[in-house]
Amino acid sequence: LAGTIIGAVEEGAALHGDAVRVGDVLVGYASSGLHTNGYTLARRIVFDDLGLAITDAMPEHDGSVADVLLAVHRSYWSAVAPVLTRLHGLAHITGGGIAGNLTRVLPDGCAARVDATSWETPPLFRLMASAGGVTADEMFAVFNMGIGLVGVAAAEDVAPLRDAARDAGVDTWVIGEIVAGSGVSIE
């Protein structure tokens, strides 16, 4: 029965990160908003610091506070399904931000170096940082900062990954690399 479920993955084909190697490239997939992380801080900033109501227009956005805070969480299935065999690891960026989630796919001896200047932080996150007086470190620890999924792949597989995402309507950026060491650094 499991084989008939769309999107089911056999255990042998699951991405646990054990194929991640030094020299692999990090591909960041655009988020569609907050997704599932940071709502406690976001509510404090929007309602307490900015003094907005749910029906008010969200500054720097088309739509209300409700529209922005409740934007539908993007599904990445159509962007990654065509290239699953090319991926060495996938990190869904939820609570804990990029570092907290990317760490989970790093095998011993591998570290991830993320270049935070390789994509433009969406206006929502810039507004949160400014209005809430939130440091860059805390922003990256709480929010996805515009990257909802990180794919890890060999350099020669980056173009097909990005092509599949583009075909699915998802923006991507090369956001870093796997290096020797441990942990995740965001520079």
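From the N terminus on, the elements of the chain follow the order β-α-α-α-β-α-β-α-α-β-α-β-β, which amounts to seven helices and six strands; helices (H or I, at least four residues) and strands (E, at least two) are taken as DSSP runs and numbered from the N terminus. The structure is a predicted model, in which local features need pLDDT of at least 70 and side-chain atom pairs count only at pLDDT 80 or more, whereas totals for chains, interfaces and linings use all residues. Residues are numbered from 1 along each chain as its sequence is written, and side-chain values use heavy atoms, with hydrogens and water left out.

The overall dimensions of the chain were considered before its individual residues. The C-alpha trace spans about 50 × 40 × 25 Å along its principal axes. A compact globule of 187 residues would have a radius of gyration near 16 Å, and the 17 Å of the chain agrees with this; the radius is taken over C-alpha atoms, and the globule rule is 2.2 Å times the number of residues to the power 0.38. Of the 187 residues, 43% count as buried, where buried means under 20% relative accessible area, exposed over 50%, and partly exposed in between, for a 1.4 Å probe and protein chains only. The chain exposes about 9100 Å², of which carbon and sulfur atoms supply 54%; accessible areas come from the Shrake-Rupley method with a 1.4 Å probe, and for residues only the protein chains shown count as cover. Among the contacts in the chain with a separation of 6 or more, 80% are accounted for by residues 24 or more positions apart, a contact being defined by heavy atoms within 4.5 Å.

With regard to charge, the chain has 10 positive and 22 negative side chains, and the centres of the two sets lie 1 Å apart. In this count Lys and Arg are positive and Asp and Glu negative, while His and the chain ends are not counted; the place of a charge is taken as NZ of Lys, CZ of Arg, CG of Asp or CD of Glu.

The loop between β1 (25-30) and α1 (39-49) holds His-35, and Ser-31 lies in the loop between β1 and α1 as well. His-35 counts as buried because its relative accessibility is 5%, and Ser-31 is buried because its relative accessible area is 14%.

Most residues other than glycine have a negative phi. His-35, however, has a positive phi, near 60°, and the phi of Glu-60 is likewise positive, near 65°. Glu-60 is placed in the loop between α1 and α2 (65-69), and its relative accessible area of 56% is why the residue counts as exposed. Asp-62 is also found in the loop between α1 and α2, and with a relative accessibility of 80% this residue counts as exposed. The C-alpha atoms of Asp-62 and Ile-186, 124 residues apart in sequence, are 30 Å apart in space.

Tyr-39, in helix α1, is partly exposed, with a relative accessible area of 23%, and touches Leu-34 and Leu-69 when residues up to four places away in sequence are not counted. From C-alpha to C-alpha, Tyr-39 and Ile-178 are 30 Å apart in space and 139 residues apart in sequence.

Ala-153, by contrast, is placed in strand β4 (residues 147-153) and is buried, with a relative accessible area of 0%. Its C-alpha atom is separated by 5.3 Å from that of Asp-24, 129 residues away along the chain. Beyond residues up to four places away in sequence, Ala-153 touches Asp-24, Val-25, Arg-86, His-88 and Leu-161.
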